Amino acid sequence: MAKVVITAGHSNTDPGAVNGNITEAEITTDMRNIVAYCLKDLGIEVVTDGRGNDNQTLRQAIKLIKQGEVAIEFHCNAFHLPTAGGVEALAQPKDKVICQKLCEAVSDVMGIPVRGPAGGFKPENSGQHSRLGYVREGGIILELFFISNPKELATYQAKKWLIAREIADVIAEHVGVGCKA
């Protein structure tokens, strides 16, 4: 049976970026739970960094990475301009193709741009990042959208189940499990 690791960015004690009363940690925990549900529905074993509202620390999430054929942690970008937008994924070069497919899937459902010239893929040392523990250990950080962009946030909230299903389908294809229609 295929096995994947799905984790939520930030933690029970770190809310991450905030837009009004919505936190990045809440969004990523919710997406983790929905994607895990979709993957299980496809017959894939899933390891997560918590259940329900529980969102363990980065240190705990990193320990899980090696248990799966692929490990993905969800995050949201934020910027001071509310018009900044798009999806991107940070990973090691070995994961470039799946990163591009994940970004394309999110982009297609949300109608938002894929960021950067490499189809959404960015190495861990790009932009403001220098060293990302999750990526360094072999995981993928998927920046779903900009929480600071009200349009993207509203689209995410309206379509999160569709986004999760598309992400699950990309992961299933990656690990060689047939997708349900």
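The second largest pocket has a volume of about 160 Å³, where a volume is the space filled by probe spheres set on grid points joined across faces, edges and corners. A pocket here is an open set of points on a 1 Å grid over the protein atoms alone, where a 1.4 Å probe fits, with protein on both sides within 12 Å along at least five of seven lines; lining residues have an atom within 4 Å of a point. The model is predicted: local features need pLDDT of at least 70, side-chain atom pairs count only at pLDDT 80 or more, and totals for chains, interfaces and linings use all residues. Residues are numbered from 1 along each chain as its sequence is written, and side-chain values use heavy atoms, with hydrogens and water left out.

**Second largest pocket**

- The lining consists of Asn-33, Ala-36, Lys-40, Val-46, Val-47, Thr-48, Gly-50, Arg-51 and Gly-52.
- H1 and strand S4 (45-48) each supply at least two residues of this lining; helices (H or I, at least four residues) and strands (E, at least two) are DSSP runs, numbered from the N terminus.
- By class, the lining has three nonpolar, four polar and two charged residues. Ala, Val, Leu, Ile, Met, Phe, Trp, Tyr, Cys and Pro count as nonpolar, Asp, Glu, Lys and Arg as charged, and the others, Gly among them, as polar.

**Helix H1 against helix H5**

- Helix H1 (residues 24-41) and helix H5 (residues 150-175) pack with axes 8 Å apart, at an angle of about 40°. Axes are lines fitted to C-alpha atoms, for helices over the stretch in contact, and angles run from 0 to 180 degrees between N-to-C directions.
- The H1 and H5 crossing is right-handed, a term used if the near helix is turned clockwise from the far one by less than a right angle.
- On the H1 side the contact includes Ile-27, Met-31, Ile-34, Val-35 and Cys-38, and on the H5 side it includes Leu-153, Trp-161, Ala-164, Ile-167, Ala-168 and Ile-171; contact means heavy atoms within 4.5 Å.
- This contact has 15 nonpolar, no polar and four charged residues.
- Val-35 lies in H1 and is buried, at a relative accessible area of 0%. Buried means under 20% relative accessible area, exposed over 50%, and partly exposed in between (1.4 Å probe, protein chains only).
- Apart from neighbours within four places in sequence, Val-35 is in contact with Ile-6, Phe-74, Ala-164, Ile-167, Ala-168 and Ile-171.

**Helix H3 against helix H5**

- Helix H3 (residues 96-110) and H5 cross at roughly 145°, and their axes come within 8 Å.
- The crossing of H3 with H5 is right-handed.
- Ile-98, Lys-101, Leu-102, Ala-105, Val-106, Val-109 and Met-110 in H3 meet residues of H5, among them Glu-152, Tyr-156, Lys-159, Leu-162, Val-170 and His-174.
- The residues of the H3 and H5 contact divide into twelve nonpolar, two polar and five charged.
- His-174, in helix H5, is partly exposed with a relative accessible area of 40%.
- Leaving aside neighbours within four places in sequence, His-174 is in contact with Val-70 and Ile-98.
- The C-alpha atoms of His-174 and Thr-57 are separated by 26 Å, and the two residues are 117 apart along the chain.
- Ser-107 has its place in helix H3 and counts as buried at 12% relative accessibility.
- Not counting residues up to four places away in sequence, Ser-107 touches Val-87, Ile-112, Pro-113 and Val-114.

**Loop residues**

- Ala-91 sits in the loop between strand S6 (88-90) and H3, and is buried with a relative accessible area of 1%.
- Beyond residues up to four places away in sequence, Ala-91 touches Cys-99, Phe-121, Lys-122, Pro-123, Glu-124, Val-135, Gly-139 and Ile-140.
- The C-alpha atoms of Ala-91 and Gly-139 are 6.5 Å apart, although the residues are 48 apart along the chain.
- Gly-68 is found in the loop between helix H2 (58-64) and strand S5 (71-77). Setting aside neighbours within four places in sequence, Gly-68 is in contact with Lys-3, Val-4 and Val-5.
- His-10, in the loop between strand S1 (3-8) and strand S2 (18-19), is partly exposed at 24% relative accessible area.
- Phi of His-10 is near 70°, a positive value in a residue other than glycine. Most residues other than glycine have a negative phi.
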